[in-house]
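Okay, thanks everyone, let me take a few minutes on this one. Have a look at the model first, and then I'll walk you through it.

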Amino acid sequence: MQTPGEVADEHSGAKDQGEAMKLNQAQITKTLSQFPAQVLAEDHPAVAQFSELFGQHTFFLDAKGLHVLELLEVPGMEAEEGELISLADWSDADFTKLTTHQPEPTGVVVRLKDVRH
């Protein structure tokens, strides 16, 4: 899978959706163990553009497109789960162009904490 070369923004103002969230390395590792994707490195040229559109997040790319993890937080507790949110879809067969859309929940929930009984 290639990283995006061009991004078409169909819905400007999407950065107002959701709260900005950079994941720590442990959260990234847990996410990647449950969701086959790659993380865009902070120094990748597209990260600046994505951050401008969507806020400061850890961005994931997979065969469907661009995603972020939105933590499911309970007040006063550290987040134990997060849901993947789709932000853009590939618009070409070569995985070089993304077309953004309004953030859409994917229904994919990632467990960030091990459950102990």
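Before I talk about partners across strands, one definition: two strands pair if DSSP finds at least two bridges between them. And please keep in mind that this is a predicted model.

So, the overview. The protein chain has two helices and six strands, and along the sequence they come in the pattern β-α-β-α-β-β-β-β. Of the 117 residues in the chain, 38% are buried. If you take the contacts with a separation of 6 or more, 59% of them are between residues 24 or more positions apart. As for the surface, the chain exposes about 6,800 Å², and 50% of that is supplied by carbon and sulfur atoms.

Now to strand β5, residues 81–90. What does β5 pair with? On one hand there's strand β4, residues 65–72, antiparallel, over eight bridges. Here L66 has A88 in β5 as its bridge partner. Then there's strand β6, residues 97–111, which also pairs with β5 in the antiparallel sense, again over eight bridges. In that case I85 has P105 in β6 as its bridge partner.

Is β5 largely enclosed or open? Eight of its ten residues are buried, so the rest of the structure largely encloses β5. W90 is a buried residue too, because its relative accessibility is 12% and the cut-off for buried is under 20%.

Next, the loop between β5 and β6, which is where you find F95. That hairpin has six residues between the strands. For background, most residues other than glycine have a negative phi. F95 is partly exposed, at a relative accessible area of 29%.

Last topic, the aromatics. You describe a pair of rings by the distance of the centres and the angle of the planes. How many aromatic pairs does the structure hold? Two. In the F50 and F59 pair, the ring centres are 5.5 Å apart and the planes sit at 50°, so that pair is tilted. Both F50 and F59 are buried. The other pair brings us back to W90 and F95: centres 5.5 Å apart, planes at 80°, so we call it edge-to-face. In that pair W90 is buried, while F95 is partly exposed.

That's it from me, happy to go back to the picture.

Notes: Residues numbered from 1 in each chain as written. Predicted model: local features only at pLDDT ≥ 70, side-chain atom pairs only at ≥ 80, totals over all residues. Heavy atoms only, no water. Buried < 20%, exposed > 50% of the residue type's maximum accessible area, 1.4 Å probe, protein only. Helix = DSSP H or I, 4+ residues; strand = E, 2+ residues; numbered from the N terminus. Contact = heavy atoms within 4.5 Å. Areas by Shrake-Rupley, 256 points an atom, 1.4 Å probe, with all protein chains shown as cover. Phe/Tyr/Trp six-rings, centres within 6.5 Å; stacked < 30°, edge-to-face > 60°.
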